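Below are some notes for a first reading of this model. Please keep the structure open and look up each residue as it comes up.

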Amino acid sequence: MQRVSSAECVVMSDGAAPVRIAVPDIKGRDGYVDDIAFMAVRCREDGMMRHITASYKASGKGKNGAMQRPLHDGETGFQGYGFVERPDLGVLQASDDSVLWRDIVTLKPMYASLGGYSVRTNAFKADAGKYWRVKYAGTDTLKSWSVGGAAKMDRWEELSALHSDFREGDATPDYEKREVVALDDIVDVTGYVNNGTLQCTLPEGKWRIMRFAAVLTGGKSKHGRTNLLGYECDKLSKAAAQLHWDSYMQVILDSLRADGINNVAGVTMDSHESGSQNWTPLMFSEFKARRGYDVRPYLPVLAGYIVESKEKTEQVLYDYRMTVSDCVADNYYGTFQRRAAENGIRFTAQAIGNALCIVGDAVAVKKAVDRPQGEFWAYQKDGAFDIKDCSSAAHLYGKPVASAEAMTDAEYKDNPADLKRVADIAFAFGAQEMVICATPHIPEQHPTAPYVAGREYAVNRSNPKWEMMKPVWEAAARSMVMLRQGEAAPDVLIYWGDDVPVKTLAHRLPAGIGGLDWDVCTGDALQTRTDYIRNTYKAVIVADGAFVSKASAKALEGLSAAGIPILRTGETVRREVTLTSDDVVHTHRKFVYKGRKMDMFFLANKEEKPVECAVRFAEAPRKVTVWNTATGRKETLKAASDGSFVMKFAGNESLFVTF
């Protein structure tokens with residue numbers, strides 16, 4: 001995995017004599033430095049400062065790694081499992097006399113993330129301060145920092161896909177034209193560099209010589225045998241993915257087949273957990289093919305500089321992020337899918353994975369694989385919206401099964417009811433398959449002590465509660481079979497917009513969706529799955545803050561013209577089922593049985609305590625069949641005089657209701 005690194009120095013040119021200078025030095029991990037281009041950029045500085053670039057001591061769980069869950073009453077802002085909001089780090093201040101200080105910009109904390117990039121630039125209005133300092137609010141400090149006079153994009157490291165975080169708000173000032181770099185101020189001098197020395201004639205003035213090179217991100221594989229761990233492959237390259245498959249999975253498959261084992265069903269890939277990258281050797285051609293223009297003249301934007309205007313720079317950086325995301329989907333996951341198909345096996349993947357630590361589209365990328373997979377952990381008692389991203393993709397892109405890494409890190413303290421509870425919530429969020437993480441191999445036929453090796457994976461035969469798990473597995477088996485019948489029948493589709501990185505964020509969910517069965521999408525499905533959307537959902541709800549591209553705006557107009565309401569909340573949408581208890585979650589499917597169209601609802605009490613719930617269906621059936629997932633017992637219920645059905649749920653109980 002590679003990223004763009006840059007270094008620069010300043011030279012003066014009289015416009016006549018050639019400039020001769022050693023190119024700026026760039027250090028690369030393991031000595032890997034692959035030059036991309038050399039640019040001369042006319043300096044626009046006037047002695048005033050406009051940005052601070054700092055190296056942070058990242059800590060705490062980052063937003064991209066915090067799995068999303070339903071918000072509790074009173075919660076606002078970003079919330080997620082393991083995420084704890086940290087206080088501001090401090091304030092950058094300026095002074096003209098070192099006595100009186102003025103606040104310039106507040107420095108927000110940097111949260112840790114898998115393979116995270118811990119450098120951030122904050123932009124601010126030009127200030128002529130002679131003295132500069134950071135006034136810290138607590139004990140946390142920066143590793144290093146510096147101020148500079150060039151006009152730069154605020155938090156450009158995220159905009160250029162060096163770091164995958166959810167950038168909320170834009171603090172880039174509206175710089176004047178004289179402060180930003182004009183396209184004519186950029187000269188490509190790559191052809192004038194020889195043996196580390198630049199020699200060329202530049203127009204008169206002060207010039208910034210910029211060296212752009214690819215260096216390794218350092219991202220390495222996390223799990224596996226020690227002798228098999230190493231650098232992760234380039235996630236943006238078809239050739240790298242092909243080499244990875246041929247050097248690893250193909251060797252295993254060929255070895256098995258040589259031994260006469262030909263019944264391998266498929267291969268499963270865990271989530272990507274090795275950080276972001278924003279370069280691949282063929283990036284220039286990938287970008288031009290996908291975006292229709294050459295990004296090379298705009299390379300200074302990948303070092304934060306504003307070229308032409310803030311709006312133009314935002315567009316180029318948006319196109320760059322989208323190219324990274326497209327390459328992840330097409331070149332990485334797409335190559336693995338193709339190689340799996342060529343081998344006649346199924347490819348299941350947590351593409352990209354809840355820990356969205358590489359810039360990508362957590363929903364649309366799943367169209368690239370046979371069987372998309374989300375994840376939920378044993379401790380997540382409220383459910384995990386990563387399952388929603390997965391099941392939504394399965395519905396939108398016609399995937400037969402939405403898989404789930406299930407009950408991850410179950411501990412010996414977890415009882416069967418705990419595990420059934422989190423499984424039922426996942427089923428209510430659309431999961432149709434559980435892949436337990438993890439069940440260790442235990443050679444002893446009758447283990448005498450609980451098995452612990454490294455992590456406490458407690459779903460195994462050495463668990464004293466193992467025999468008590470039978471009803472949990474039977475309920476899960478029934479649920480998975482039933483939830484694969486027919487087709488999903490969600491009420492509404494929530495559109496997150498077209499920017500990346502993107503996944504379902506609980507604090508940005510629209511108001512009024514309580515009681516609705518909802519899917520999520522991004523611009524890709526909105527533009528390419530229009531017929532499915534029109535035939536499936538009652539409405540499309542545009543999430544707050546969604547960036548709507550021109551192509552998606554056109555798609556929304558088309559859906560509206562076809563009679564699909566485009567809304568901001570779910571308040572006015574008809575509920576197919578109305579529940580009097582918020583403790584009961586559900587999902588809705590439709591199927592055909594003996595030539596008859598049927599409705600099926602999965603209802604689950606997500607609490608340990610018993611719940612009595614009045615259930616009213618929009619179709620107003622006079623009787624329904626209720627099937628207990630744990631016992632298999634069926635019964636017929638008749639509607640009360642008001643058309644409702646009173647259902648008494650035991651703690652952690654789930655039911656199928658059909659009519």
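1. Phe547 has a relative accessibility of 38%, so it counts as partly exposed. Bear in mind that this value, like those that follow, comes from a predicted model. Tyr318, at 13% relative accessibility, counts as buried, because buried means under 20%. Tyr318 belongs to helix α5, while Phe547 sits in the loop between β22 (539-542) and α11 (550-561), so the pair ties together parts that are 229 residues apart in sequence.

2. A second pair is found within α5. The ring centres of Tyr332 and Phe336 are 5.2 Å apart and their planes stand at 80°, so this pair is edge-to-face. The two residues are four apart in helix α5, and therefore separated by about one helical turn. An α-helix has 3.6 residues a turn, so residues three or four places apart point the same way. Tyr332 is buried at 5% relative accessible area, and Phe336 also counts as buried, at 5%.

3. How far apart are the end C-alpha atoms of α5? The helix covers residues 310-342, which is 33 residues, and at 1.5 Å a residue it should span 48 Å; the end C-alpha atoms are 46 Å apart, which agrees. α5 also bends by about 35° at Gly334. Just after the helix, Gly344 has a positive phi of about 70°.

4. Helix α6 (residues 386-396) has eleven of its eleven residues buried, so it is largely enclosed by the rest of the structure. Among the buried residues are Asp386, Lys388, Asp389 and His395. Just after α6, Gly398 takes a positive phi of about 70°.

5. Positive phi values also turn up in residues other than glycine. Asp30 is one of these, with phi near 55°, and lies in the loop between β2 (19-22) and β3 (34-42). Ala161 is another, with phi near 70°, and is found in the loop between α1 (156-159) and β10 (186-188). Are these residues buried or exposed? Asp30 counts as exposed, at 62% relative accessibility, whereas Ala161 counts as buried, at 0%.

6. Check two cis peptide bonds. One runs from Ala351 to Ile352, with omega near -5°; Ile352 is in the loop between β15 (346-349) and β16 (371-377). The other runs from Cys437 to Ala438, with omega near 0°; Ala438 is in the loop between β18 (433-436) and α8 (470-482).

7. Six strands form an open sheet with antiparallel pairing, in the order β19-β25-β26-β31-β28-β29. β19 (487-488) and β29 (634-638) are at the edges with a single partner strand each, so one side of each has no neighbour in the sheet. Inside the sheet, β26 (residues 596-605) and β31 (residues 654-658) pair over five bridges in the antiparallel sense. Phe602 stands opposite Phe656 in β31.

8. Two lysines lie over ring faces. Lys152 is over the face of Tyr305, at 4.5 Å from the ring centre. Lys634 is over the face of Trp627, at 5.3 Å from the ring centre.

Methods: Residues are numbered from 1 along each chain as its sequence is written. This is a predicted model: local features need pLDDT of at least 70, side-chain atom pairs count only at pLDDT 80 or more; totals for chains, interfaces and linings use all residues. Side-chain values use heavy atoms; hydrogens and water are left out. Buried means under 20% relative accessible area, exposed over 50%, partly exposed in between (1.4 Å probe, protein chains only). The expected span of a helix is 1.5 Å times one less than its number of residues. The bend at a residue is the angle between axes fitted to the seven residues ending there and the seven starting there. Two strands pair if DSSP finds at least two bridges between them. Rings of Phe, Tyr and Trp (its six-membered ring) pair if their centres lie within 6.5 Å; planes under 30 degrees apart count as stacked, over 60 as edge-to-face and the rest as tilted. A charge sits over a ring if NZ of Lys or CZ of Arg is within 6 Å of the ring centre and within 35 degrees of the ring normal.
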